[in-house]
Structures are given as C-alpha cells and as structure tokens.
Amino acid sequence: MREKPLFALALALLSGLIFGEAFLFFPITLSCFTLILLLLEAWVFRSRLIPLGLFFAWALGFLLHQFGASPQAHKDLKKYLDQGKITVIAEIAAPLRHGKKHVSLRMKILSIASEPPVAKFTPVSGFFQLLIWDKNVGFEYGDRLEMQIKLRTVKQYKNPGSFLYADYQKRIGWHATASLSDATSLKKVGEGGNPLLKKIYGWREDIRKKIIRAVDSRTAAILLAMIIGESGGLDDEMRGNFIAAGIAHLLAVSGTHLAFIALFVFFCARTLILYLPETLL
C-alpha cells in the first residue's frame, strides 16, 4: 500500500464497480452487502489488515455503479419504448456526430405528449440516440426539439461471440434509439444546455467545418478523427491501414488528445503563475 497506493485504490474502485454490476437492482442484497462492509470496517479494517482508504474506494465504486444504472421511477423513459409513434420534446445533449450518410444526436428527453384529443406533455427522464439519415442537420448542442418518433429498445446481437451492443449502449447512457429520414420534421421549440459547453462545442464545430473546406474528403476524415475524435468519415480501408500500422489509437479519443489538453493546461497554468505577485508565490 505504501509503495503503490494509487494502484491499490484503483484496484479497490474497480472491484467495487464489478460488484455493483453483479448485484445491480437488488435492494435487499445491496443492504446486506452494505451491512457486511460496515461490520468488516468495524472488526477487520481497524486491525489494519486492509486500509480504510481501500474500503472507501470500494464503496465508492459500488455506489457509483448502483446510482448510475438505477431507473428513475415514474419518469423513466423505458416504459414508453416500443409503443409506436409518439410526440416528444428533447434536448441535444452532446455535439452532433457526423457519419458518411447520417448524423447521430445524443438526445436528453424532457417530456412526452399524452394521447389526443387533449395532448398534455408529461416530464420524462432519460437519453436516446437519434439517427437522422440526412447530412444537412442545422441544429446544435442545447437546441430543444419537438418531434414525432418511434422510441425503440436497443437490440442485442444474437450471434455467439458478437459485440454486446445493447450492453454497451446501456453503459454509455442510451436508453433507446430512434431514426428519421431527414430533419425537416424537427421543430425547434427552445434552447438549453450549459453555456460554457455550448461555446466549446461551437469552437469544435468551427474546426470541423474549416477542415472540411480546406482539404479533400479522405484527408478531412483522418484529421477530424485525430483532432476532435469524430471518426464517422473513415471507411474500412482507412481503418485497416491504421490498424496494420499499429497506430489505430490516433483515430479515437486517447492519450494523444489528453496530451493536447494537458499541454494547453500546462501553458495556461505556467502563464498564470508567472503573472502572480511575488508574495503569493
């Protein structure tokens, strides 16, 4: 513990996340495990067989997974899935992801309209993925849109050994999927989102547009993947070439992007320190 404290804490946190997955949505089991942990903390941890910090790291991982994956009672989006076409109001909760033939939007649902003749919007919580099979989508992060869509449950692939797509979607926060042939049926009814994020995502969109205008499509696809992490324009041949060269990590949000951020933060901090009064230093 003294030599590698961060490794031990990370291992304890990961263990808590694993247990959180194993005992998900079982309140009685969760209560029993919490009681056992408290007893262990009182009888065993105080004898310093296991440091108290590891216990808290384990408990943090366990609770993070439990609270992050738990449904939200009557406002849960899941009970509205696979019910045919419904009218919803949702907010774009992330930058648009552009593919070769479609645009993917992460939507935070705000409300769902009840059945006519008296349509009344009911507050609902959850996120869904909206695929628009049209490259010309003139909306941005924070826009609140009214639309008529069919919310569908994310389907799991049945092939043995295949990628667990539904589990992956659940882990990244998707509760449903929907699709539209074009964006003409979307109606903007307001704006929301974080003002700071809106500014940052606006800069990101400016970078994307300038790259597309400046270079050819293949070069633009590589630059977009490396600079802003948008890999929708890459084809199988380009991905295969990067994989064969052992540099596929450059096409995803990885250490390269974190290094750019770290460099920016370093120079900002360095500049700030240089201008601080001598007494504060």
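These legends describe close-up views of a predicted model. Local features need pLDDT of at least 70, side-chain atom pairs count only at pLDDT 80 or more, and totals for chains, interfaces and linings use all residues. Residues are numbered from 1 along each chain as its sequence is written, and side-chain values use heavy atoms, with hydrogens and water left out.

**View 1. Helix α5 packs against helix α6.** Helix α5 spans residues 195–214, and helix α6 spans residues 217–227. Their axes lie 9 Å apart, at an angle of about 155 degrees. The two helices are therefore roughly antiparallel (angles over 145 degrees).

**View 2. Residues of α5 and α6 make the contact.** Contact means heavy atoms within 4.5 Å. From α5 come I207, R208, I211 and I212. From α6 come A220, L223, L224 and I227. By class, seven residues are nonpolar, none is polar and one is charged. Ala, Val, Leu, Ile, Met, Phe, Trp, Tyr, Cys and Pro count as nonpolar, Asp, Glu, Lys and Arg as charged, and the others, Gly among them, as polar.

**View 3. Y141 and Y201 form an aromatic pair.** The whole structure holds two such pairs (ring centres within 6.5 Å). This one is edge-to-face (planes over 60 degrees apart). The centres are 4.9 Å apart, with 80 degrees between the planes. Y141 sits in the loop between β5 (127–132) and β6 (143–150), and Y201 in helix α5, 60 residues apart. Y141 is buried at 8% relative accessible area (buried means under 20%).

**View 4. F266 and F267 form an edge-to-face pair.** F266 is partly exposed at 48%. F267 is partly exposed at 42%.

Conventions: Axes fitted to C-alpha atoms, helices over the stretch in contact; angles between N-to-C directions. Helix = DSSP H or I, 4+ residues; strand = E, 2+ residues; numbered from the N terminus. Parallel < 35°, antiparallel > 145°, perpendicular 65-115°, else oblique. Phe/Tyr/Trp six-rings, centres within 6.5 Å; stacked < 30°, edge-to-face > 60°. Buried < 20%, exposed > 50% of the residue type's maximum accessible area, 1.4 Å probe, protein only.
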